[in-house]
Amino acid sequence: MAVEQPLTQPGEQTRIHNIGYRNYDGPRLGRAYARRSLYSQSLRGAYGLGRSVKSKVLPMLLFVVMCVPALIMVAVAVATKAKDLPVDYTRYAVIMQAVIGLYVASQGPQSVSRDLRFKTVPLYFSRPIETADYVRAKYAALASAMFILTAAPLIVLYVGALLAKLDFADQTKGFGQGLVSVALLSLLFAGIGLVISAVTPRRGFGIAAVIAALTISYGAVSTVQAIAFEQSSTDAVPWIGLLSPITLIDGVQTAFLGATSAFPGGEGPSSGQGVVYLIVVLGLIAGCYGLLMRRYRKAGL
């Protein structure tokens, strides 16, 4: 025999529970604060700060590897009372380009790939922050991290040169030229690393692609330059240097900063060719920024 259920009115099943939610009545700090916060957190993340111990190992190790040769050079200069440093300030980053490339390859994907992989980019843009804020913060953070990486050994060289009582004016001039060179290098390499990393949400693919782009291009350009030099086509050597990021930086600092060129024969671009090098470098930096803006406009949809 079926039991008839008692009829209840809709209002009798309705309950309102007060679980303590309150409206936010604190200060609204806006886009500028959000942009600064994203920049600072991304910069800290580039060295593993605020993350696990495992995340700190590689960036800190690369930082040490960048600085140790400078410390050795300084020790040798002080002990032997040398009249000059073994390596020019503008030359140091070119020599250590493998370490710099590895750092970009490891930290570029770390900066952007996870946001793409876990689809958190739209969450950023649901707040006051906009696409331009996100791209600028990420770009500035990685460029700043790279500047720290490349400028630190120059500071070691400069301090060591002063301790060795080398000429103050010459060392200060060379140190300033070196800082300009690594600042330009940091902007260019950070842009290239972020653009390549933003193509794929897979961090491993991003690392491999950045290493390939930086290493293969330099190896290919250096080989072709050497062949051209051996074939007495010396006029073609500077123009071939336009095809690799590190040779672009080498050409700019040779033309405008008084650096010694790493090109075959030691002959870098002339002042006129240096203008072309500088235009290409600035164009690549602007192009990387534009590509990042387009990528994250699509990712934020």
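Reply: The UniProt record, an unreviewed entry, puts "transmembrane region" at residues 57-77, 139-163, 175-199, 205-227 and 275-292. Those positions follow the numbering used here, the feature names are shortened, and such annotations may be inferred rather than shown by experiment. Keep in mind that this is a predicted model, where local features need pLDDT of at least 70, side-chain atom pairs count only at pLDDT 80 or more, and totals for chains, interfaces and linings use all residues. Residues are numbered from 1 along each chain as its sequence is written, and side-chain values use heavy atoms, with hydrogens and water left out.

Two of the annotated stretches can be checked for shape. Residues 57-77 come out as 100% helix and 0% strand, with 30 Å between the end C-alpha atoms. Helices here are DSSP runs of H or I with at least four residues, strands are E runs of at least two, and both are numbered from the N terminus.

Now for α6 (residues 131-163). Helix α1 (residues 30-45) packs on α6 at about 35 degrees, with the axes 8 Å apart; axes are lines fitted to C-alpha atoms, for helices over the stretch in contact, and angles run from 0 to 180 degrees between N-to-C directions. The crossing is right-handed, meaning the near helix is turned clockwise from the far one by less than a right angle. On the α1 side, Arg31, Arg35, Leu38, Tyr39, Ser42 and Leu43 make the contact, and the α6 residues include Asp133, Tyr134, Ala137 and Ile148. Contact means heavy atoms within 4.5 Å. The residues of this contact divide into nine nonpolar, two polar and four charged, where Ala, Val, Leu, Ile, Met, Phe, Trp, Tyr, Cys and Pro count as nonpolar, Asp, Glu, Lys and Arg as charged, and the others, Gly among them, as polar.

In the loop between α6 and α7 you find alanine 164. Leaving out neighbours within four places in sequence, alanine 164 is in contact with Ala77 and Val78, and its C-alpha lies 8.1 Å from that of valine 74, 90 residues away in sequence. Lysine 165 is in that loop between α6 and α7 (168-199) too, with a positive phi of about 60 degrees although it is not a glycine. Most residues other than glycine have a negative phi. Lysine 165 has a relative accessible area of 75%, so it is exposed; the cut-offs are under 20% for buried, over 50% for exposed and partly exposed in between, with a 1.4 Å probe and protein chains only.

Finally, serine 197 in α7. Serine 197 is buried, at 0% relative accessibility, and its side chain reaches the backbone oxygen of glycine 193 at 2.6 Å. Beyond four places in sequence, serine 197 is in contact with Gly108, Pro109, Val112, Ser113, Leu116 and Val210. Serine 113, one of those partners, belongs to helix α4 (residues 97-117) and is buried at 1%. Besides Ser197, serine 113 touches Thr200, Pro201 and Arg203, again not counting residues up to four places away.

Definitions and conventions. A polar contact is a pair of N or O atoms within 3.5 Å; within protein, one must be able to donate a hydrogen and the other to accept it, and residues adjacent in sequence count only if both atoms are side-chain atoms.
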